[in-house]
Amino acid sequence: MPSDSRQGERRKHDRFEVRNLAIALPNKPSSQVARIVNISKGGLAVRYLEQTNWLGNADAIDILVNSSLLMTNIPIKNVSDYKVENHVSFSIISERQCCLQFGTLSPEQELLLDEFIVKYGAGSS
C-alpha cells in the first residue's frame, strides 16, 4: 500500500494551511518559537530553524498570533520531527518540521482552536 494512502487513513481531521504569522512556543525554559504551517482539530505542524531538541520534554505549547497570546498550555504529543528539504541550493539555513498531535483540550481550548482555524486557516493542505 502506498505511504500516501496510509497517511490519509491516519488523519481524522482536515488540515488547513496557516498563512498568517502564527507561532508555537513549547512550555519549557529557553524555548525557540516555531512557525505554524498547518493545523487541524487533531494537531498541527510547525517549522523551525534547525537546532537540537526544539520540543524537548515539553508536553504543552502556547500559540501566539500577531504578537498576542491566543491559546495557552495546549497539551501535545510529538508525532514526528524531520529535516525539511531546502530548495535554495546556496542557503546555509536548515529547517525542520515537527508534527504534533493535540491531547485532550478543555472546552475553552476547543472553542479557541475552532476560532483559530476559521480565522487563520486557508484551504486544506
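## Basis

The model is predicted, with local features requiring pLDDT of at least 70 and side-chain atom pairs pLDDT 80 or more, while totals for chains, interfaces and linings use all residues. Numbering starts from 1 along each chain as its sequence is written, and side-chain values use heavy atoms, without hydrogens or water.

Helices (H or I, at least four residues) and strands (E, at least two) are DSSP runs, numbered from the N terminus. Buried means under 20% relative accessible area, exposed means over 50%, and partly exposed lies in between, with a 1.4 Å probe and protein chains only.

## Nonpolar core

A nonpolar core is a set of buried Ala, Val, Leu, Ile, Met, Phe, Trp, Tyr and Cys residues joined through side-chain atoms within 4.5 Å. The largest one here has 27 residues. I36, L44, I61, I63 and F116 have the most contacts inside it. Two or more residues come from each of β2 (22–26), β3 (34–39), β4 (43–49), β5 (60–65), β6 (68–84), β7 and α2 (107–120). Helix α2 gives the most, with 5 residues.

Contact means heavy atoms within 4.5 Å. Not counting residues up to four places away in sequence, I61 touches A24, L25, P26, N27, L44, L55, T72, N73, I74, I76 and L100.

## Aromatic pairs

Rings of Phe, Tyr and Trp (its six-membered ring) pair if their centres lie within 6.5 Å; planes under 30 degrees apart count as stacked, over 60 as edge-to-face and the rest as tilted. The count comes to 2 aromatic pairs. Y48 and W54 are stacked, because their ring centres are 5.2 Å apart and their planes at 15°. Y48 is buried at 3% relative accessible area. W54 is buried at 1%.

F116 and Y120 form a tilted pair, 5.2 Å centre to centre with 50° between the planes. They are 4 residues apart in helix α2, so about one helical turn separates them. F116 counts as buried at 1% relative accessibility. Y120 counts as buried at 12%.

## Two buried arginines

R15 lies in the loop between α1 (3–10) and β1 (16–18). R15 is buried but has no salt bridge. A salt bridge needs a side-chain nitrogen of Lys or Arg within 4 Å of a carboxyl oxygen of Asp or Glu. Lys and Arg count as positive, Asp and Glu as negative; His and the chain ends are not counted. The nearest side chain of opposite charge is D14, 9.3 Å away. A polar contact of 2.7 Å joins the R15 and N38 side chains. Such a contact is a pair of N or O atoms within 3.5 Å; within protein, one must be able to donate a hydrogen and the other to accept it, and residues adjacent in sequence count only if both atoms are side-chain atoms.

R96 sits in strand β7 (residues 95–102). R96 is buried, with a relative accessible area of 18%. The side chains of R96 and D81 make a polar contact of 2.8 Å. Leaving out residues up to four places away in sequence, R96 touches V46, R47, Y48, E50, Q51, D81, Y82, K83 and V84.

## Positive phi

S30 has phi near 55°, a positive value in a residue other than glycine. S30 is in the loop between β2 and β3. S30 is exposed, at 78% relative accessible area.

N73 also has phi near 55°, again positive and again not glycine. N73 belongs to strand β6. At 48% relative accessibility, N73 counts as partly exposed. N73 is also among the residues that I61 touches.
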